[in-house]
Number of protein chains: 2
Amino acid sequence: MIQKLTSAERAQQLATLKGWQAVEDRDAIRRAFEFADFNEAFGFMTRVAIKAQEMDHHPEWFNVYSKVEITLSTHEVNGVTERDIRLARFIDSVTV
Amino acid sequence: MIQKLTSAERAQQLATLKGWQAVEDRDAIRRAFEFADFNEAFGFMTRVAIKAQEMDHHPEWFNVYSKVEITLSTHEVNGVTERDIRLARFIDSVTV
């Protein structure tokens with residue numbers, strides 16, 4: 001069974017990511033993205049979707065035009081795990 | 001300049017759509033969708049994205065795994081217009 005990261009582990013991992021922050025009211029991390037337009041935003045989402053499916057670990061996300069907001073949490077344990085960090089790291093790798 | 005639908009027009013159009021409802025706190029319409037899994041949900045989103053780009057009229061949407069929630073409104077007039085109805089009708093045409 002996958003384990004939640006401790007607060008110290010989570011803080012340590014967040015420091016290695018780009019712009020991800022802890023969500024206030026739940027054990028999850030979030031980052032907001034802004035692209036040039038919808039084409040670029042949805043292209044990004046498509047790359048993340050394919051990776052998420054491969055990892056069998058999926059984001060919660062909102063999009064309007066050039067903006068995307070992604071929240072990551074591991075539903076099975078209701079908190080942030082290594083899987084979220086790995087997906088966040090991939091997401092960072094496909095953004096500037 | 002595109003015009004907002006009147007309440008009567010909007011009600012009449014909503015009656016011809018599948019499961020779209022007026023949003024309570026703003027002039028917009030919304031529908032929730034549930035698919036078999038993420039592959040099906042994101043495949044649906046991709047069809048809608050391509051159509052939205054062609055129409056130059058984009059949704060606000062949220063996805064988590066097999067669930068998608070779509071809100072439509074025309075930002076230029078801050079309300080529901082014929083463009084929203086047309087996009088909703090396309091969305092209905094690609095869902096059961």
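Biologist: In which loop of chain B is Asp56(B) found?

Modeller: Asp56(B) sits in the loop between helix 2 (38–55) and strand 3 (60–64) of chain B. Helices (H or I, at least four residues) and strands (E, at least two) are DSSP runs, numbered from the N terminus. Before we go on, residues are numbered from 1 along each chain as its sequence is written, while chains are lettered from A and ligands numbered from 1 in the order in which they are written. This is a predicted model, where local features need pLDDT of at least 70, side-chain atom pairs count only at pLDDT 80 or more, and totals for chains, interfaces and linings use all residues; side-chain values use heavy atoms, leaving out hydrogens and water.

Biologist: How should I read the phi of Asp56(B)?

Modeller: Most residues other than glycine have a negative phi. Asp56(B) is not a glycine, yet its phi is positive, at about 50 degrees. In chain A, Asn78(A) is also not a glycine and has a positive phi, of about 55 degrees. Asn78(A) belongs to the loop between strand 4 (67–72) and helix 3 of chain A.

Biologist: Is Asp56(B) buried or exposed?

Modeller: The cut-offs are these: buried is under 20% relative accessible area, exposed is over 50%, and partly exposed is in between (1.4 Å probe, protein chains only). Asp56(B) has 56%, so it is exposed. Asn78(A), with a relative accessible area of 57%, is exposed too.

Biologist: Which residues does Asn78(A) touch, not counting those up to four places away in sequence?

Modeller: A contact means heavy atoms within 4.5 Å. By that rule, Asn78(A) touches Lys4(A), Asp27(A) and Ser73(A).

Biologist: Why does Val23(B) count as buried?

Modeller: Val23(B) is buried because its relative accessible area is 9%. You will find Val23(B) in the loop between strand 1 (21–22) and strand 2 (29–34) of chain B. Beyond its neighbours within four places in sequence, Val23(B) is in contact with Ala28(B), Ile29(B), Arg30(B) and Thr71(B). Phe38(B) is 15 residues away along the chain, and its C-alpha atom is separated from that of Val23(B) by 26 Å.

Biologist: And Asp92(B), where does it lie?

Modeller: Asp92(B) is part of helix 3 (residues 82–93) of chain B. At 6% relative accessibility, this residue counts as buried. Its contacts, leaving aside neighbours within four places in sequence, are Leu17(B), Lys18(B), Trp20(B) and Arg31(B).

Biologist: At what angle do the axes of helix 2 and helix 3 of chain A cross?

Modeller: Axes are lines fitted to C-alpha atoms, for helices over the stretch in contact, and angles run from 0 to 180 degrees between N-to-C directions. Helix 2 (residues 38–55) and helix 3 (residues 82–93) of chain A have axes that come within 10 Å and cross at roughly 145 degrees. Among the residues making the contact are Phe44(A), Val48(A) and Met55(A) of helix 2 and Leu87(A) and Phe90(A) of helix 3. By class, the contact has 7 nonpolar, no polar and 4 charged residues. Here Ala, Val, Leu, Ile, Met, Phe, Trp, Tyr, Cys and Pro count as nonpolar, Asp, Glu, Lys and Arg as charged, and the others, Gly among them, as polar.

Biologist: How are the two copies related?

Modeller: Two copies of a chain are related by a rotation about an axis and a shift along it. Here a rotation of 180 degrees with 0.0 Å of shift along its axis superposes chain A on chain B, with an RMSD of 0.0 Å. The copies are therefore related as by a two-fold rotation axis. The superposition is by least squares on the C-alpha atoms of residues with pLDDT of at least 70 in both. Phe62(A) comes closest to the axis of the residues of chain A, at 2.1 Å (C-alpha).

Biologist: How much area do chain A and chain B bury between them?

Modeller: Buried area is the accessible area (1.4 Å probe) that two parts lose on being put together, summed over both. Chain A and chain B bury about 1,400 Å², with 72% of it on carbon and sulfur atoms. Of the area that chain A buries against chain B, Phe38(A), Phe42(A) and Trp61(A) supply 36%, more than any other three residues. Each chain brings 16 residues to the contact. The copies meet through the same surface, because 100% of the interface residues of chain A are also interface residues in chain B.
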